[in-house]
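Good morning, colleagues. Please look at the sequence and the model on the screen, and I shall then go through selected side-chain features.

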Amino acid sequence: MGEEASDDKKPTTKFELERETELRFEVEASQSVQLELLAGMAEIFGTELTRNKKFTFDAGAKITSRLADVFNQRCEVNRRASVSGCVINTCGWVKGSGYQALVHAASAFEVDVVVVLDQERLYNELKRDLPHFVRTVLLPKSGGVVERSKDFRRECRDERIREYFYGFRGCFYPHAFNVKFSDVKIYKVGAPTIPDSCLPLGMSQEDNQLKLVPVTPGRDMVHHLLSVSTAEGTEENLSETSVAGFIVVTSVDLEHQVFTVLSPAPRPLPKNFLLIMDIRFMDLK
């Protein structure tokens, strides 16, 4: 038996679950849910819950988990994937929101081993915050290894983007064509956070990190990378759907209401929902 509630001012719901069954819930934006085990035994990601202790789940707890859901679905139909598991390679962003993303990824994928390279502070923080059954290992850097500079990482990223369009050593020939403003709908993920002082009295702050914001085509799109979503309509969550590929905007013609893109495939675009990124690529070579 479990109890689900957000706080004392919001309704409390009690569930009595049968043996070998599970409770699933999704936390809406600007909301939170507290889960409390009143009787019996239950677990979350293999960790046994403590009775009469409240566990809090913040807004968006199901989403920055979509990739884990897709992987689990693959494991159900692919025995090799199910047996071998997966290796999650993360970036070097280990502070603030970056650290929270690491902990959430470990929870969503139900990882059993975490390897930390030459970051003793990160190692201690993960040992503290991850469940006891997760084995956290600290490994030193190999001799002679140096940290890559920001400029070097940017050059490597640009080279990977260039290879996406042109292939290794220029073995591919990308396509350039015009796209009408009216033929596509462009969105960006995330909206600016409004200061609490600017909100109407009694209104609470919304979680804008994954909010979809429509973008009007303009010259500021030049050199931006766009992902082509496989979504069929706006009723689907564009931030969770797979992408068919990527294009880069090379020029914008406001007079004729078209923009020119570099694409690995010929026209037309497979879908008309596009997500704009902060990443830019200038085709200089």
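**Aromatic rings, a buried threonine and a nonpolar patch**

Ring pairs link Y164, F165, F246 and F281 into a cluster. Before the details, a note on conventions: this is a predicted model, in which local features need pLDDT of at least 70 and side-chain atom pairs count only at pLDDT 80 or more, while totals for chains, interfaces and linings use all residues. Residues are numbered from 1 along each chain as its sequence is written, and side-chain values use heavy atoms, with hydrogens and water left out.

How many aromatic pairs does the structure hold? There are 4. Rings of Phe, Tyr and Trp (its six-membered ring) pair if their centres lie within 6.5 Å; planes under 30 degrees apart count as stacked, over 60 as edge-to-face and the rest as tilted.

Consider Y164 and F246: their ring centres are 5.7 Å apart and their planes stand at 75°, so this pair is edge-to-face. Because Y164 belongs to helix α5 (residues 150-166) and F246 to strand β13 (residues 243-253), the pair ties together parts that are 82 residues apart in sequence. Helices (H or I, at least four residues) and strands (E, at least two) are DSSP runs, numbered from the N terminus. Y164 has 33% relative accessibility and counts as partly exposed; F246, at 29%, also counts as partly exposed. Here buried means under 20% relative accessible area, exposed over 50%, and partly exposed in between (1.4 Å probe, protein chains only).

The rings of F165 and F281 have centres 6.3 Å apart and planes at 20°, so they are stacked. This pair links distant parts of the chain, with F165 in helix α5 and F281 in the segment after β15 (273-280), 116 residues apart. Both F165 and F281 are buried.

I turn now to T260, which is placed in strand β14 (residues 258-263). Is T260 buried or exposed? Its relative accessibility is 19%, so T260 counts as buried. The T260 side chain makes a polar contact with the side chain of N178, at 2.7 Å; such a contact is a pair of N or O atoms within 3.5 Å, and within protein one must be able to donate a hydrogen and the other to accept it, residues adjacent in sequence counting only if both atoms are side-chain atoms.

Finally, the strand β7 (residues 113-117) includes V115. At 48% relative accessibility, V115 counts as partly exposed.
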